[in-house]
Every structure is written in C-alpha cells, then in structure tokens.
Amino acid sequence: MTENKLVFVGIIISSKSLSELSVHNGYIAVDYGKITKLGTESEYEQLKKEGVFDSYKVVKMSSDLFLMPGFVDCHTHAAQFPNIGLGLDLPLLEWLNKYTFPLENQYGDIKYAASIYNKVVRSLLINGTTTASYFASIHLGGTLQLAQSVINNHQRAFVGKVSMNIENDAGYYNETKKDLEETENFIKAVLDYKNDLVQPIISPRFAVSCDSALMAGLSELSDKYECRIQSHISENVDEIKHVLNTFPCCKHYTDVYDQCRILNQRCIMAHAVHLSMEETATLANRGVSIAHCPASNTRLMSGLCPVRKYLESGVVVGLGTDVAGGDNATILDAMRRTMDVSAHLELMGQSGSALSWSEVFYLATLGGAKALKLDHKIGSFEVGKEFDALLINVYETNGPIVKFGPTYNTPQERALHLLQKFIYVGDDRNIAHVYVKGHKVKDVLEDISLLN
Ligand SMILES: O=c1[nH]c(=O)c2nc[nH]c2[nH]1
Ligand SMILES: [Zn+2]
C-alpha cells in the first residue's frame, strides 16, 4: 500500500458546468496524483474482488463525509495579510496609499517576506484553497520567497511580482527599466524551479500605478514567456475617473489595457464592478476572465458586481478573496458573499441576478479553474485530471454544523444536504483532508473509518 495510489469510496461531488452538478455515490482512484478511474460503488466492489485495488490505500468515507474539488482563489494579495481586518474605513485609492503601499514596501526584507508568506500559504491550504493566484510586492527577492513557500507547502499557484512605476507618497514603485528587468528575472527564476505546480504571473498593479510604457513592456514579456497576466479593472468610481483623466485618448478603462495589449486569453482581471456593455464585450472577445471579489467590493464600498450579466455575456468568472481589501481569506466566505451581493442586486430590481449555492460552488471550483485556464488539469473530477480535493466531514464534532438527524429520503438528497450545509455553515474544521496533486497537505482525520 502506498499513498501514491488512493481510492476513495463514498459521496463524490463536483461541478460539470454552472448549471450542472455531478453527485455520485461511488469511487475515485488516484495514481501518482492523477485521477485514473471513476465509477459506481458496485463497479468498485467488482474491481476490488478482482484485486485491482490491492496496492491502493482505500479511504472509505462514512455517510457524513464527501469528497469535492479543491477551492480556487483567483485573486489575493499575499503581502497584505498582516493588514487583514484593518483600515477598511477608506475608499480604494486612499486605502492603498495609507495602509497598503507602506505595508507592501516592507517586503524588500527577505526574512520578513519568508515568515509572512509561509503563514499565508499554510492558512490558505488549511482552508481548502488548493490553487491561488497571488500578488506579492514589487520586490524580486521577496516575491521569490512566496514562490518558495508555495513549493515547500505543495500548493498550486500563480505567483506575481507586482509592477508599478508611478510615484506615490509611500515611495513604493520602481523605475520602468528596473521593473521590466526584475520581472523578467523573476519569470526566469520561477521557470527554473521546474515545479509544475507553481508558475509566474505578470502583475501590473493597475492603470493608476503603471504607465503605458511599463504595461506594453509587460505585455511583451507575457508573449515572450507565454505567461499569465493579472491586474485590477474598474473597481471604484474615483479610480475610473483617475484612469480616464490619465489616458485621455482611451474610450474607457478597458481600452487603456487593450491599447497596451494586456488583454488576451492568458489575462485575468479582478473586480470589474462598473464595466459598460462595450467593455464587457471586449473582455469576452479577448478571452479575458474576471476574478469576482465580493468581500473587498463591499468593505471598500466599491460597488455590487453584476456577475450574472458577465456570465451571460460569455465572460468566464472565478472567485477571489482579495485580502486585505477583503476581510476574509477563505473561498467559503467568498461563495457566501457572492450569493449575498447577487441577491442584493436582484432585490434592487436586477431580475435574474441572484446566484444559487450550486452556482457559487461551480465558481469556486471549475469556474475558477477555467478563469485561470487550468480546467484541463483541475476544478472537477474527471479521469486524466490531477487530484486536487477536499474531504469534507460535515458533522465534525468541534465544527459549526450540528447534526439534527436525517432530513433526506434518498442518497442523492443526502449528498445535496451535506453539500449545502457545508457551503452555508461550514468552516475549516469541516475540511478534514486537503490534497494537491494527490499529495495530502492537511490531515486532521487520520482514520476516516472511525466515523462509521
Ligand atoms: O482591492 C484592491 N487591492 C489592491 O491591492 C489594489 N491595487 C490596485 N487596485 C486594488 N484593489
Ligand atoms: Zn486585488
């Protein structure tokens, strides 16, 4: 028996699309990090009789447990975690200058960077975030510490060295040539790690902090190394005014990035709260994804993002926690806030806006994987995909969900009840095991069979 060969037997849930859940009582076999077989319980019994699973570690899930894909956080700022829950009483541009830039400026200190980033990565994994797209800071050495923490803790991630060349009060910016050189060196260093879980992502902060020469240079690097690119767009009304004043030859905010050739299939933009129809169509046509960050949009009073409208326009959307504009680093929280924001839009008269629990489950898993163009590898359970998964123990004794007895009639209904309870009420205590590419990175329940 080896941990490299695993079979899980019990309830297995993942999304097929925004409107279709896959719920089955059966088994999933994992060989060296990849899903190799999926089937029903009776198929499992048959294969077991034939000895197919003799060399596998078998995890029999009791009736209150289920397996689901790992969460994907499409947008967070690892460097901002020390500020989580602080200073959220200012609008975006003032908040950045007063709280965020001074904090991020400390990551030139490599030791400080290493100590914070290790805690950030661990805390995300414990909360079920198996994949994250990170902004770090403008520092090459500090950002490499984040890539190292990701590798050491076996998370899947995009890691971005932030690019900014416009002066600010904190003195937190780079000169253009230096920034482009360091970004290229950062990309090369991360590619040299040859670790298939971690990739560099080019990260121009936004059009308030970057001029067109820097953004065009970064776009060239993105083409040269075929790497992803992430930024912020149209988050706050004052930010939009500032950008339009700075780039008077551009029709709208989206046009600023389009003219700098930032917008393509490898690009993911956070927020997009106030896009016009024309801008939405441009993002859809260019294949740009949106990272929806409801916590930070509410805390910084930026606005209510019309996610349904974007989905209906063909834009791919994933979820982001956007710490520290967001006050919670977990995707479970982002799912709930996505439901709340979309419900508020509906209550305000935008009919059809509300997103259901099963739709936010999709956005948190397969939707996020699509937004990061990783859906060929992760996001759902299919033979050939890599096994990033969470084993959920819904009625964990020390957890937040109290068992009142069965409220279901069929096994299918039971599975859907367990999933809803976890989405609405669960927390990290319900996340018993976390797997990234088949490797167990969290284990608070050694012997699952004890729960039977
Ligand atoms: O929520 C945000 N957090 C940030 O750090 C940031 N930078 C630009 N725009 C931003 N928005
Ligand atoms: Zn952000």
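This is a predicted model: local features need pLDDT of at least 70, side-chain atom pairs count only at pLDDT 80 or more; totals for chains, interfaces and linings use all residues.
Let's begin at ligand 1. The residues around ligand 1 are His 77, Leu 92, Leu 96, Thr 100, Arg 205, Phe 206, His 232, Glu 235, Ser 296, Asp 322 and Gly 325. Sorted by class, this shell holds five polar, three nonpolar and three charged residues. Helix H2, spanning residues 92-104, supplies the largest share of the shell, with three residues.

Is Leu 103 buried or exposed? A residue counts as buried when 20 or more other C-beta atoms lie within 10 Å of its own. Leu 103 has 21 such atoms within 10 Å, so Leu 103 is buried. Leaving aside neighbours within four places in sequence, Leu 103 is in contact with Ala 79, Gln 80, Pro 82 and Asn 83.

Next comes the core. The largest nonpolar core has 133 residues, and those touching the most other members are Phe 8, Phe 66, Val 159, Ala 364 and Ile 392. Helix H13, residues 357-371, gives the most to this core, with eight residues. Take Val 159 as an example: not counting residues up to four places away in sequence, Val 159 touches Tyr 134, Ala 136, Thr 143, Leu 146, Ala 147, Val 150, Val 190, Val 198, Pro 200 and Ile 201.

Now turn to helix H9, residues 277-286, where Glu 279, Thr 280 and Leu 283 are buried. Viewed down the axis of H9, the buried residues fall within an arc of 100°, so they line one face of the helix. Met 277, Glu 278 and Asn 285, on the other side of H9, are exposed. The cover over the buried residues of H9 includes helix H8 (253-259) and helix H11 (307-312). Just after H9, Gly 287 takes a positive phi of about 80°.

Our last stop is helix H14, residues 411-425. H14 has 15 residues and reaches 21 Å from its first C-alpha to its last, close to the 21 Å expected at 1.5 Å a residue. Its buried residues are Ala 415, Leu 418, Leu 419, Lys 421 and Phe 422. How do they sit around the helix? Down the axis of H14, these buried residues fall within an arc of 160°, and therefore line one face of the helix.

Technical notes. Residues are numbered from 1 along each chain as its sequence is written. Chains are lettered from A and ligands numbered from 1 in the order in which they are written. A residue is near a molecule or strand if its C-beta atom, placed from the backbone, lies within 6 Å of it. Helices (H or I, at least four residues) and strands (E, at least two) are DSSP runs, numbered from the N terminus. Ala, Val, Leu, Ile, Met, Phe, Trp, Tyr, Cys and Pro count as nonpolar, Asp, Glu, Lys and Arg as charged, and the others, Gly among them, as polar. A nonpolar core is a set of buried Ala, Val, Leu, Ile, Met, Phe, Trp, Tyr and Cys residues joined through C-beta atoms within 7 Å. A residue is buried if 20 or more other C-beta atoms lie within 10 Å of its own, exposed if 12 or fewer, and partly exposed in between; C-beta atoms are placed from the backbone. Two residues are in contact if their C-beta atoms, placed from the backbone, lie within 7 Å. The expected span of a helix is 1.5 Å times one less than its number of residues. The arc is that of the directions from the helix axis to the C-beta atoms.
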